[in-house]
Amino acid sequence: MGERIKELRKSLNLTQKEFGERIGVKPNTIATYEIGRNQPIDAVISLMCREFKVSYDWLTTGQGEMFEDLPETVMDELTIAYHLDEMDRKIISKYLALNGQERAVIKKYIESILGE
């Protein structure tokens, strides 16, 4: 894993200090990870994955690609999680663009349809 941490850091063009600062770890700790003297705890591994959008599998086992293909926006995340089509996306986007008063009208209409 140490070699992969070093590879990740270098691919991001970060020094050990810069890399460590981004995840709240001291530079000498990063050095010990890279030379294999110590292994990062799970919490640090999770921080690396989240901060640098690196694949957990790649970081821990070397399997797969270094970087995950993560959704760019919340809408993309919703689309993936709920299998939304383009019409679903348009409806949600338009609703979110409404002001509070306009949303209240839509909610009232939907409540009347649902019989609530």
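I take buried as under 20% relative accessible area, exposed as over 50%, and partly exposed as in between, with a 1.4 Å probe and protein chains only. The model is predicted, and I number residues from 1 along each chain as its sequence is written. Local features need pLDDT of at least 70, side-chain atom pairs count only at pLDDT 80 or more, totals for chains, interfaces and linings use all residues, and side-chain values use heavy atoms, with hydrogens and water left out.

**Entry 1: helix α4**

Helices here are DSSP runs (H or I, at least four residues), as strands are (E, at least two), and I number them from the N terminus. I looked up which residues of α4 are buried, and found V44, I45, M48, C49 and F52. They lie on the same side of α4, because they cover an arc of only 140° around the axis. I take that arc from the directions between the helix axis and the C-beta atoms. An α-helix has 3.6 residues a turn, so residues three or four places apart point the same way. The face of α4 turned away from the buried side carries the exposed residues D42 and R50.

After α4 comes K53, and its phi is positive, near 55°.

**Entry 2: the nonpolar core**

For a nonpolar core I join buried Ala, Val, Leu, Ile, Met, Phe, Trp, Tyr and Cys residues through side-chain atoms within 4.5 Å. The largest one has 17 residues, and F19, I23, M48 and L59 touch the most other members. Two or more residues come from each of α1, α2, α3, α4 and α5. Which element gives the most to this core? I find that α4 does, with five residues.

I then listed the contacts of M48, leaving out residues up to four places away in sequence. M48 touches I5, F19, I23, Y33, P40, K53, V54 and L59.

**Entry 3: aromatic rings**

A pair of aromatic rings is described by the distance of the centres and the angle of the planes. I pair rings of Phe, Tyr and Trp (its six-membered ring) if their centres lie within 6.5 Å; planes under 30 degrees apart count as stacked, over 60 as edge-to-face and the rest as tilted. The count comes to one aromatic pair. It is F19 with F52, and the pair is stacked because the ring centres are 4.6 Å apart and the planes are at 15°. F19 is in helix α2 (residues 16-23) and F52 in helix α4 (residues 42-52), so the pair ties together parts that are 33 residues apart in sequence. F19 is buried at 0% relative accessibility, and F52 is buried at 6%.

I also looked for a charge over a ring, with NZ of Lys or CZ of Arg within 6 Å of the ring centre and within 35 degrees of the ring normal. R103 lies over the face of Y95, 5.2 Å from the ring centre.

**Entry 4: salt bridges**

My cut-off is a side-chain nitrogen of Lys or Arg within 4 Å of a carboxyl oxygen of Asp or Glu. I count three salt bridges.

- E34 meets R9 at 2.5 Å, N to O. E34 lies in helix α3 and R9 in helix α1, so the pair ties together parts that are 25 residues apart in sequence. E34 is buried at 10% relative accessible area, and R9 is buried at 9%.
- E21 forms a salt bridge with K17, with the closest N and O atoms 3.3 Å apart. Both lie in helix α2, four residues apart, about one turn of the helix. E21 is exposed at 51% relative accessibility.
- E51 meets R22 at 2.7 Å, N to O. The pair links distant parts of the chain, with E51 in helix α4 and R22 in helix α2, 29 residues apart. E51 is partly exposed at 34%, and so is R22 at 42%.

Is W58 buried or exposed? W58, in helix α5, is buried, with a relative accessible area of 7%. Leaving out residues up to four places away in sequence, W58 touches R4, E7, L8, Q63, G64, E65 and M66. The C-alpha atoms of W58 and M1 are 9.0 Å apart, while the two residues are 57 residues apart along the chain.

T32 lies in helix α3 and is buried at 13%. With residues up to four places away in sequence not counted, T32 touches R37 and N38.

Key:
Contact = heavy atoms within 4.5 Å.
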